[in-house]
Amino acid sequence: MMDRREILDWLRCTDSQQLERLWQQADRLRQEQVGDAVHLRGLVEISNHCARACHYCGLRAANQAIGRYRMSEEEVFACALAAQHLGYGTLVLQSGEDDGIKADWLAGLIRRIKNATPLALTLSLGERSDDALAAWREAGADRYLLRFETSDRALYRAIHPDRGSRVSDRIAILGKLRALGYETGSGVMVGIPGQRYETLADDLLLCRELDLDMIGIGPFIAHPQTPLWQAQSPLSAEDQVPPTIDMTCKAVALARILRPDANIPATTAVAVMNASLGRELALRRGANVIMPNLTPPQYRELYAIYPGKADRIETAEAGDNQIRAQVLALGRTVGSGPGGRSGRSDTERQSPEPGPVPPVSLKIAVCMGSSCFSRGNNGQTIETLRHCVEAAGLVPEITGHLCENLCTQGPHVTIGDTLYSNVQASCFAELLRHHLASGKEGIDG
Ligand code: SAM
Ligand code: SF4
C-alpha cells in the first residue's frame with residue numbers, strides 16, 4: 001500500500017532511470033488488472049452553454065468570445081448510431097453546466113439510445129439536481145463523470161466559484177451518484193496555479209478513498225479568456241506542480257498503482273499538449289481508455305475548454321482509424337463491449353427500470369456505412385424519417401447498421417424486413433405510404 005510520503009517522492013522524482021521503475025510498475029498492474037484492451041468511448045460534446053464561472057475553463061459563462069450551441073436530439077442520436085457503427089461500447093455525453101438541457105428531454109433521449117443500441121452511457125454534465133441525476137439513472141444512464149478538480153478546499157473555492165447560493169460540493173455529489181447506482185468517475189487537473197506537490201498527493205489518495213471506477217487526470221492548459229490566463233502562481237517554483245506531460249504521467253501511473261482496477265483514460269488534454277506522443281505515453285504508463293471525439297465538426301471548435309483542442313478537428317472515421325492504429329502499434333488490442341470497471345459488470349449493479357414500451361412501433365434500419373453516410377444517411381435524414389413515421393401515427397425505432405456492400409445503390413434504408421435503395425429524405429413520406437399500404441410488415445405492437 002503506497003503511502004503519502006512515497007507518492008510525494010515519486011511526484012518530485014526527476015531521475016529518469018528511477019522513473020522507469022514507476023512506469024513499469026504501473027504498466028504491469030494495468031496489464032494484470034484490466035488487461036491489454038484499450039476501451040474506446042465515443043465522446044459527444046452536446047452543448048457548450050455553461051452557467052458556471054470556473055476560473056480555468058473557456059466555456060465559463062462570462063466568455064462572450066465564443067458562439068454557443070446545443071445539439072438537437074436527432075444530432076445526438078445520429079452520433080450514438082455512429083458510435084455503434086464504429087464498434088464502440090460506450091457513448092459519453094458531455095456539456096457545460098447547461099440548464100437548457102432539461103431533465104425530461106435528456107431522460108427521453110437516454111431511453112431512446114438505450115432502446116436502439118447496446119451502448120453503455122456515460123454522462124458528464126456538471127453539478128445537476130438530485131432529481132435530474134435520479135431521472136437519468138432511471139432512464140438507463142450507466143456512469144457519471146464529475147472531476148473534483150483538487151482536494152485542496154481553499155484552492156477549489158478560489159478557482160471554482162459557487163453558483164449563487166448553491167454551494168459547490170462535488171465530493172458530496174459523487175457520493176449521491178454512487179448511491180444512485182452510477183459507476184462514478186472523477187479526477188483532477190495537474191498544474192493548476194497554486195497546486196502544491198502535497199495537494200496532488202492528496203488528490204491521488206482521495207481517488208483511492210472514493211473508490212472511483214474511472215479516474216481522469218489531465219494537464220491544466222491555460223485559456224486566454226479566463227482569469228487563470230498567465231496567472232502567477234502564489235507558490236515558489238519549487239512548490240508549484242508544473243502542468244507537464246511528465247507530471248501528468250506520474251499522476252496517471254500513481255493512480256493505477258493506488259486503484260489498480262479503475263478505468264483510466266489517456267485524456268484529450270494529454271493529446272493536445274503533445275500531439276505525437278501524449279496519448280501513447282499515458283497508455284504506456286497506466287491508462288487503458290481513449291475517448292475519440294464524435295462531436296459534429298461544426299461544433300468542435302466551439303467546445304473550447306482550452307486552446308489547441310480545435311486543432312484536432314478530424315472526422316469521426318479518420319480519428320477512429322488513427323486511434324486504432326496507435327493502439328495496435330503499442331501491442332495492445334481495442335476493447336469490445338461496455339468495458340465497465342473490472343469485476344463489476346453492469347448487470348451486477350442496480351438495473352434501471354426499462355423505459356415505457358411503445359404501443360405501435362415501426363423498425364427502421366439506416367445504413368451508416370461511409371458511402372451511404374456521404375450520400376445522405378446523416379442526422380438530418382434520420383430526423384426526417386422520424387417525423388414521417390410519427391406523422392403516420394407510429395413510434396419510430398431507428399437503428400444504424402454497418403455497410404452491406406451495395407454502395408453503388410445507396411443510400412439504403414430498411415423498413416421492417418424490406419431493403420430500399422437510393423432513398424432520398426425528400427421522398428421518404430411517399431415511400432413510407434407505399435410501404436404501409438403494401439402489407440405493413442415491420443410493425444410491432
Ligand atoms: N461541465 C462539466 C464539468 O465541469 O464537470 C463537464 C465538462 S468540463 C469542460 C470537463 C473537465 O474539463 C473539467 O472537469 C476540468 O477538469 C477540465 N478542464 C476545464 N478547463 C480546463 C483547462 N483549462 N485545462 C485542462 N482541463 C480543463
Ligand atoms: Fe462549465 Fe464545466 Fe467549464 Fe466549469 S469546467 S466552466 S462547469 S464547462
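Student: Where in this predicted model is P411 placed?

Tutor: In the predicted model, P411 belongs to the loop that runs between β10 (395–401) and β11 (413–415).

Student: What kind of peptide bond joins G410 and P411, and what is its omega?

Tutor: The bond joining G410 and P411 is cis, with omega at about 0 degrees. As a rule, most peptide bonds are trans.

Student: What is noted about the phi of Q230, and where is Q230 found?

Tutor: Q230 is not a glycine, yet its phi is positive, at about 55 degrees. Most residues other than glycine have a negative phi. Q230 is found in the loop between β6 (214–219) and α9.

Student: Which residues of α2 and α9 meet, and how many of each class are in the contact?

Tutor: From α2 come L19, L22, W23, Q25, A26, L29, R30 and V34, and they meet D246, C249, K250, A253, L254, R256 and I257 of α9. The classes in this contact of α2 with α9 are 10 nonpolar, one polar and four charged residues.

Student: How do α1 and α9 cross, and at what angle?

Tutor: The axes of helix α1 (residues 4–12) and α9 come within 9 Å and cross at roughly 155 degrees. An angle over 145 degrees counts as roughly antiparallel, so α1 is roughly antiparallel to α9. This crossing of α1 and α9 is right-handed. I7, W10, L11 and R12 of α1 make the contact with M247, K250, L254 and L258 of α9. By class, the contact of α1 with α9 holds six nonpolar, no polar and two charged residues.

Student: Why are α4 and α5 described as roughly parallel?

Tutor: The axes of helix α4 (residues 103–116) and helix α5 (residues 130–139) cross at roughly 15 degrees and come within 8 Å. Angles under 35 degrees count as roughly parallel, and α4 and α5 are therefore placed in that class. Their crossing, that of α4 and α5, is right-handed.

Student: Which residues meet where α4 packs on α5?

Tutor: A103, L106, A107, I110, R111 and K114 of α4 meet A132, A135, W136, E138 and A139 of α5. This contact of α4 with α5 has eight nonpolar, no polar and three charged residues.

Student: How many residues surround ligand 1, and which are the closest?

Tutor: Ligand 1 is surrounded by 18 residues, of which Y56, S95, R147, E149 and I221 are the closest.

Note on methods: Residues numbered from 1 in each chain as written. Chains lettered and ligands numbered in written order. Predicted model: local features only at pLDDT ≥ 70, side-chain atom pairs only at ≥ 80, totals over all residues. Heavy atoms only, no water. Contact = heavy atoms within 4.5 Å. Helix = DSSP H or I, 4+ residues; strand = E, 2+ residues; numbered from the N terminus. Nonpolar A, V, L, I, M, F, W, Y, C, P; charged D, E, K, R; others polar. Near = heavy atom within 4 Å. Axes fitted to C-alpha atoms, helices over the stretch in contact; angles between N-to-C directions. Parallel < 35°, antiparallel > 145°, perpendicular 65-115°, else oblique. Left-handed = near helix turned anticlockwise from the far one by under 90°.
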